[in-house]
Amino acid sequence: MSRLLSSWGQSSWPQRLGLLLAVISYGILYPGVTEPIMTITATASLFGMKAQLFHETRSIWETVETLHKLGYTGVAVLIVSFSIVIPVTKGLTILFTWMYPTERRWRFVAAISKWSMADVFVVAILVAFFTAQSTAQVTAELLHGFYWFAGFCLLSIVSGQLLALSKLQNVSSR
C-alpha cells in the first residue's frame with residue numbers, strides 16, 4: 001500500500017486521473033457483466049393476430065451460461081476470455097505496473113489492451129440492436145447492463161491511454 005501511495009505522490013495529474021478511471025472502470029465491470037444487457041422480442045402476425053414467438057432478456061454472464069449449456073462452449077470461453085479474463089488481467093497488471101513501473105511492463109499493458117475485445121463486444125451488441133430494430137417483427141431494447149458495460153469500455157480505454165502515455169514518458173525520462 002505504501003508503494004501505491006508513493007507512486008501516487010510522484011505522479012502527474014494525467015497519471016492519477018488514468019489510475020482513478022481504471023479503478024472506476026473495473027468497479028462498473030461487474031454490473032456490466034451481470035445485469036441484463038438487452039431484451040429481444042420476436043412476433044408474428046397471422047390472420048390479423050399477433051403472437052409473441054420469442055422474448056428473451058439476458059446479461060453477458062447468462063448468455064455465456066446458455067451458450068455452454070447449448071454446447072457452444074468454445075464461444076462461451078471466448079466471450080469470458082475477451083470480456084472478463086483479459087480486462088481483469090489488464091487491471092491487475094496496471095496496478096502492479098503502477099507500483100513497479102518499467103517501460104517493458106507498460107508495453108505489456110499496451111499489448112494486452114489490444115486483446116481485450118470488450119469494446120468490440122459492445123459494438124456487436126449495438127449492431128444486433130439496430131438490426132433487430134430495423135424489422136417490424138423483431139424488436140430489441142438495450143438495458144442498463146449494456147450501459148454499465150459500455151461505460152467500462154470507454155473508461156478503460158481512456159484510462160489505458162492516459163496511463164500508458166504518461167508512464168512511458170516518465171520511465172523514458174528516468
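Reader: What should I know about the model and its numbering?
Author: The model is predicted: local features need pLDDT of at least 70, side-chain atom pairs count only at pLDDT 80 or more, and totals for chains, interfaces and linings use all residues. Residues are numbered from 1 along each chain as its sequence is written, and side-chain values use heavy atoms, with hydrogens and water left out.

Reader: What counts as a helix or a strand, and how many does the protein chain have?
Author: Both are DSSP runs, numbered from the N terminus: helices are H or I over at least four residues, strands are E over at least two. The protein chain has seven helices and three strands. Their order from the N terminus is α-α-β-β-α-α-α-α-β-α.

Reader: How do you know that β1 and β2 pair?
Author: Two strands pair if DSSP finds at least two bridges between them. β1 (residues 36-46) and β2 have ten bridges, in the antiparallel sense. So they pair. M38 stands opposite R58 in β2, and A42 has F54 in β2 as its bridge partner. Two residues lie between the strands of this hairpin, where F47 takes a positive phi near 55 degrees.

Reader: What makes β1 and β3 a pair?
Author: The rule of at least two bridges applies again. β1 and β3 have five, also antiparallel. In β3, A140 is the bridge partner of I40.

Reader: Why are β2 and β3 said to stand at the edges?
Author: The open sheet has three strands in the order β2-β1-β3. β2 (49-59) and β3 (138-142) each have a single partner strand, so one side of each lacks a neighbour in the sheet. Neighbouring strands are turned by 15 degrees against each other on average, direction ignored.

Reader: Why is α2 called roughly antiparallel to α4?
Author: Axes are lines fitted to C-alpha atoms, for helices over the stretch in contact; angles run from 0 to 180 degrees between N-to-C directions. Under 35 degrees counts as roughly parallel, over 145 as roughly antiparallel, 65 to 115 as roughly perpendicular, and the rest as oblique. Helix α2 (residues 13-34) and helix α4 (residues 73-99) pack at about 155 degrees, with axes 11 Å apart. That makes α2 roughly antiparallel to α4.

Reader: Which residues meet between α2 and α4, and of what class are they?
Author: Contact means heavy atoms within 4.5 Å. Among the residues that meet are L19, Y26 and L29 in α2, and I84, V88 and W98 in α4. By class, the contact has ten nonpolar, three polar and two charged residues. Here Ala, Val, Leu, Ile, Met, Phe, Trp, Tyr, Cys and Pro count as nonpolar, Asp, Glu, Lys and Arg as charged, and the others, Gly among them, as polar.

Reader: Which residues does I84 touch?
Author: I84 lies in helix α4. Leaving aside neighbours within four places in sequence, I84 is in contact with V33, W61 and I79.

Reader: Why does M99 count as buried?
Author: Buried means under 20% relative accessible area, exposed over 50%, and partly exposed in between (1.4 Å probe, protein chains only). M99 has 18% relative accessibility, so M99 counts as buried. M99, found in helix α4, touches R3, L4 and S7, not counting residues up to four places away in sequence. Buried residues make up 41% of the 174 residues in the protein chain.
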